[in-house]
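Please have the sequence and the structure at hand as you read.

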Amino acid sequence: MKPHPRAVEPLLAEIARQSLTRLRRTVEEACELEGAEVAVDGRRLINFCGNDYLGLSRHPELIAALCQAAARYGVGSGASHLVTGHGREHELLEEELARFVGRERALLFSTGYMANLAAITALAGRGDLLLLDRLSHASLIDAALLSRARLRRYPHADAAALAHMLAEVRCTPAADRVTLIATDGLFSMDGDVAPVAELARSAARHRAWLLVDDAHGLGVLGASGRGTLEHLSLDPTSVPVLMGTLGKALGTFGAFLAGDRDVIELILQRARSYIYTTAAPQPLAAATRAALRILQREPWRRERVLELTRRFRAAALEHDVPLAASSTPIQPIVLGDAEATLTASRRLAESGFWVAAIRPPTVPRNTARLRVTLSAAHTDAQVDALVAALARCLAAPRRA
Ligand SMILES: *Cc1c(COP(=O)(O)O)cnc(C)c1O
């Protein structure tokens, strides 16, 4: 066997030394089980760290739509959207998504990661300026790096700091360059909501683009599930480019960008993560269309997950479980130390709950956390039992 060009073992050892090794667990069964239960490593756990907020991922109507579309169109798309891969289900889903979020046009992507790459690289390039929230999702940061634009990050959710940065830029020779502001709508690791109204005002004043990544808000927030913008009572057009994912509240897979006709056309013409990749399977688009129908037909799912969120917080308060300032289904319990967080996560698994330990670099140093997420698929009793288990795990001495 040839020796490795570079020893890998010390690199892995260093990751382990920092308690940052990531472990995969294999889900062996889900649909046959109740609610949010999954079979993992031969055991049953209640999943409290997924993003299936509305409990749609195993819905029989989605499964039926997927199977019927597969029988009609086949599984693979066989090519990119711009060659021969764009099908009727894609086209209809784009129209329905655009209507749902109140924009002229939507464009489908295989993943939210790729949608963010597309939006940022299509709208900004070398010499332009990108302003990102410090806690923006990794895909926005990677997109910023790939675009070759200058990247500055403003303090988390601090619209005043952003306004200050924009005012500074205006006085420089680069004032005519494109500026793009990007932020999560609902922050994935903290559960708080970006000050989109203020960001949109600043963007408009400085003629900057604003991209809101609403991966976690779509389907969950707002009176009719239209996401962070609806939650904040904002006109959809106040945000020029909206990114939404389909793999979270909608329970399927994929993502989309929405905006006015021309912006979307420009992204379609320019974005390499749109052009040079195979279109997602049509059966997935058909399943997402079913999810979108259920989402609109059954507002109880959204009400239910928010009701469970309130229940979780009230019980946690009673049991002295530390909470973050979040009123959304993302409820982080920040412990700080990566190893202590891992230990807590393991203990929860022993009690039958799957709650992932989220560690750097996913979150900033010394802010490792248990990221609890609620789903409409949970029962009251499961939430109560989770809080009791959390209280036990956190009260026990953290180190032997
Ligand atoms: C999940 C997520 C993405 C990526 O979406 P995928 O479809 O999973 O690639 C992007 N942004 C945020 C904020 C996310 O939480």
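The notes below cover a surface patch, a helix, a sheet and some backbone details of this predicted model.

## A nonpolar patch on the surface

Let's begin on the outside. Three residues, Val 8, Leu 12 and Ile 15, make up a nonpolar surface patch, and together they have about 240 Å² of accessible area.

Leu 12 has a relative accessibility of 53%. Because the cut-off for exposed is over 50%, Leu 12 counts as exposed.

## Helix H5

Now to helix H5, residues 112–123. How many of the 12 residues of H5 are buried? The count is 10, so the helix is largely enclosed by the rest of the structure.

With 1.5 Å a residue, its 12 residues should span 16 Å. The C-alpha atoms at the ends of H5 are 17 Å apart, which agrees with that expectation.

## A four-stranded open sheet

Next, trace the sheet with the order E1-E2-E3-E12: it is open, has 4 strands and shows mixed pairing. Its edge strands are E1 (27–29) and E12 (353–354), each of which pairs on one side only.

Strand E1 and strand E2 (residues 37–40) run antiparallel and are joined by 2 bridges. To see a bridge in the model, look at Val 27, whose partner in E2 is Val 40.

## Backbone details to look for

Most residues other than glycine have a negative phi, and most peptide bonds are trans.

Asp 41 is not a glycine, yet it has a positive phi of about 50°. Asp 41 sits in the loop between E2 and strand E3 (43–47) and is partly exposed, with a relative accessible area of 49%.

Asp 320 also has a positive phi, near 60°. Its place is the loop between helix H13 (300–318) and strand E11 (330–336). At 69% relative accessibility, Asp 320 is exposed.

Finally, which residues does a cis peptide bond join? They are Pro 360 and Pro 361, with omega about 5°. Pro 361 belongs to the loop between strand E13 (357–358) and strand E14 (368–373).

Notes. Residues numbered from 1 in each chain as written. Predicted model: local features only at pLDDT ≥ 70, side-chain atom pairs only at ≥ 80, totals over all residues. Heavy atoms only, no water. Patch = residues over 30% accessible without salt bridge, like charges linked within 9 Å, V, L, I, M, F, W, Y side chains within 5 Å. Areas by Shrake-Rupley, 256 points an atom, 1.4 Å probe, with all protein chains shown as cover. Salt bridge = Lys/Arg side-chain N within 4 Å of Asp/Glu carboxyl O. Buried < 20%, exposed > 50% of the residue type's maximum accessible area, 1.4 Å probe, protein only. Expected span 1.5 Å × (residues − 1). Pairing = 2+ DSSP bridges.
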